[in-house]
Structure formats: C-alpha cells, structure tokens
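Welcome! Please take a moment to look over the sequence and the 3D structure below, and then we can walk through a few of the features together.

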Amino acid sequence: MPRYLPPSVFVAICIFSLSDAFVPANKITPAEPPLTCTLARGIGSSRSSTTTTAAASTTTALNAKKKNTAPAASSKIQVKMLKHVEGTGHQGDVVMVTPAFFNNKLRPSGAAEKISDEAVATEQKAKDEKRLQVLEAATDVQSKITDMELSLSMKAGPEGHLFGSVGQKAIVKELQSKFPKGALGKKAKIISVKDADGGEISGDIKELGTFTARIELFKDVEAKFAVTIVEA
C-alpha cells in the first residue's frame, strides 16, 4: 500500500465525497465528515510530517559532522640549526619550520635536525652552568687585573717617538703572559686606551709614556690597568 496518494487521486476522492453530500435540503441529516477526505488529509499530513522529520535529521547530521571535525594539526615542527641559513636562523638557534621545508632543504643539506622540548631544556641548562663558570672566572681575573701596571719595552727616538707601535693585541698578549693559559678567556679584548691626560688614543700607541687601558673579559665584566711604554 503506498504511503501517500498522488494529488490527482486526493482531488478525485474529495470531489466524489462532496457529490454525495449535495442532497435536498429537506433530506439533509447530520452526518460525520466524509471519511475518504479525512483519510486523504491524514495521508497528506503524514507525508508532510515524514518529509519534515527527514529534513531535520539531515540538518542534525550535518551539524554533528561540523562539530566533530577535528582541528588541523600543527603545521610546523621544532628544529635546531646546525648551520646558518639566511632567513631561517643561525647555528645553534631553535626555530619552527614547516615539515616540507625541513624534509626538502634543511635535513638533506645537514643544516638542521629535529629537537624535542626536553633536549632544548637540557642544552639550556648546560649553557647556563657554563656561563656561570665563565662569569666567575672572569670576575676573579678582573680583581687581579684592576690597578695592575703592565710594562712594555720599545725602541724610540730622541723625542720619545717609537720605532714602530704598540697595538691592542700586543697589550692583551703581554697581559695573558701574567696569568695561566686561558685565564683571560677567548673573548678578552681591549676596548679603550687613554693617555696621561685622559685623551682617547685611536689606533696604536706610538710614543713612550703611561697609558690607561680598559679590557672586557666577559659581558659587563671590565677592568682598568696601566700600560707603561719604556725605552728598550
């Protein structure tokens, strides 16, 4: 039995039922509404209800699908730079890159390697401990250099002009000879030299006399000492 009637059948049933209802006025008796029309309307209502329910179910399913869609995974990975790559990072840097960039360029060229958060934390701890050791050593040397008087011998003319000159590297080398090897560290450098009047010497020392040099042993760790150039 079909679940619903075509519209043409529904109209035919209603017309047939209504033709029976037209009787002379004196013969009209109370009667219940034609059953066939009522039944047809019921079938039509059932069809409408079924369609509405199906549409609601489809909408619910679509909403559930959108809601359950998982967010896209992170599109980048963490790597440690083994070489300098322009626009990406310097050696030792930890950066985020796309998997494609890592697999196609960085890994084949040996420019980077994957690194976990735990490995980053371990490396950072080791760096902090090393930095503390270097800082302590630099502070110890600073206390020994401060107010030290360094003497270098050079040949000079009658008016005290040197035959040659004394540069910053020569001063550092002479200073290093006063301490155990490596005590000054690899980054120790002279950052200024002034004459007896406090004037800044740009370049090398070219005359006999006493000068004040300032050396940087570590970041924010500096020391002043006297450099005397005497005639050999």
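This is a predicted model: local features need pLDDT of at least 70, side-chain atom pairs count only at pLDDT 80 or more; totals for chains, interfaces and linings use all residues.

## A pair of strands

Let's start with strand S1, which covers residues 77-81 and is joined to S2 by 4 bridges. These two strands run antiparallel.

## The whole sheet

The open sheet is formed by 3 strands, and their order is S2-S1-S3, with antiparallel pairing. Why is one side of S2 and of S3 left without a neighbour in the sheet? Strand S2 (94-97) and strand S3 (112-114) stand at the edges and have a single partner strand each, so one side of each strand has no neighbour there.

The strands of this sheet are also turned against each other: between neighbours, the angle is 40 degrees on average, with direction ignored.

## The largest pocket

Next, turn to the largest pocket, which holds about 280 Å³ of space. It is lined by 14 residues, and those closest to the pocket's centre are Val134, Gly185, Lys186, Leu217 and Phe218.

Which elements give two or more residues to this lining? They are helix H4 (117-145) and strand S8 (209-218). H4 gives the most, with 6 residues. Sorted by class, the lining of the largest pocket has 8 nonpolar, 4 charged and 2 polar residues.

Methods: Residues are numbered from 1 along each chain as its sequence is written. Side-chain values use heavy atoms; hydrogens and water are left out. Two strands pair if DSSP finds at least two bridges between them. Axes are lines fitted to C-alpha atoms, for helices over the stretch in contact, and angles run from 0 to 180 degrees between N-to-C directions. On a 1 Å grid over the protein atoms alone, a cavity is a set of points where a 1.4 Å probe fits but cannot get out, and a pocket is an open set with protein on both sides within 12 Å along at least five of seven lines; lining residues have an atom within 4 Å of a point. Grid points are joined across faces, edges and corners, and a volume is the space filled by probe spheres set on the points. Ala, Val, Leu, Ile, Met, Phe, Trp, Tyr, Cys and Pro count as nonpolar, Asp, Glu, Lys and Arg as charged, and the others, Gly among them, as polar.
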